[in-house]
Amino acid sequence: MGIVKISDDLHEDLREASRVMARSINAQAEFWIRVGMLAELHPQLSYQQLCRKLLKNKSSTLQDLLNELDPSENPG
């Protein structure tokens, strides 16, 4: 586990979103990171499509998730 420095404003956004979504602050941050990474790699997909992919996938690491979504593009 590492420490990531973020702005106070973003931390407050995380705190509010985590409260609304009934997630811990860390779980909310991880969710946003996963969605953001997938959105950058698959810009043709909507937010709803990305969330469906996350819900269908039980991978524990982001690299596993990326490999399962598109193995041909992620040989590592």
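**A glutamine and its surroundings**

Q28 is part of helix α2, where helices (H or I, at least four residues) and strands (E, at least two) are DSSP runs numbered from the N terminus. This is a predicted model, in which local features need pLDDT of at least 70, side-chain atom pairs count only at pLDDT 80 or more, and totals for chains, interfaces and linings use all residues. Residues are numbered from 1 along each chain as its sequence is written, and side-chain values use heavy atoms, with hydrogens and water left out.

With a relative accessible area of 1%, Q28 is buried; buried means under 20% relative accessible area, exposed over 50%, and partly exposed in between (1.4 Å probe, protein chains only). Apart from neighbours within four places in sequence, Q28 has contacts with L14, A17, S18, M21 and R23, a contact being heavy atoms within 4.5 Å.

The loop between α1 and α2 holds A22. A22 is exposed, at 72% relative accessibility. Its phi is positive, about 55 degrees, although A22 is not a glycine. Most residues other than glycine have a negative phi.

Helices α1 (8-21) and α2 (25-41) each supply at least two residues of the lining of the largest pocket. On a 1 Å grid over the protein atoms alone, a pocket is an open set of points where a 1.4 Å probe fits, with protein on both sides within 12 Å along at least five of seven lines, and lining residues have an atom within 4 Å of a point. The volume of this pocket is about 470 Å³, counted as the space filled by probe spheres set on the points, which are joined across faces, edges and corners. Of its 14 lining residues, V4, L14, N26, A29 and I33 are the closest to the centre. Helix α2 gives the most, 6 residues. By class the lining has 10 nonpolar, 3 polar and 1 charged residues; Ala, Val, Leu, Ile, Met, Phe, Trp, Tyr, Cys and Pro count as nonpolar, Asp, Glu, Lys and Arg as charged, and the others, Gly among them, as polar.

As for the whole protein, there are 4 helices and 0 strands, and buried residues make up 26% of its 76 residues. Mean pLDDT, the predictor's confidence in each residue from 0 to 100, is highest in α1, at 94, and lowest in α4 (residues 62-69), at 73. Where pLDDT is low, the predicted coordinates should not be read in detail.
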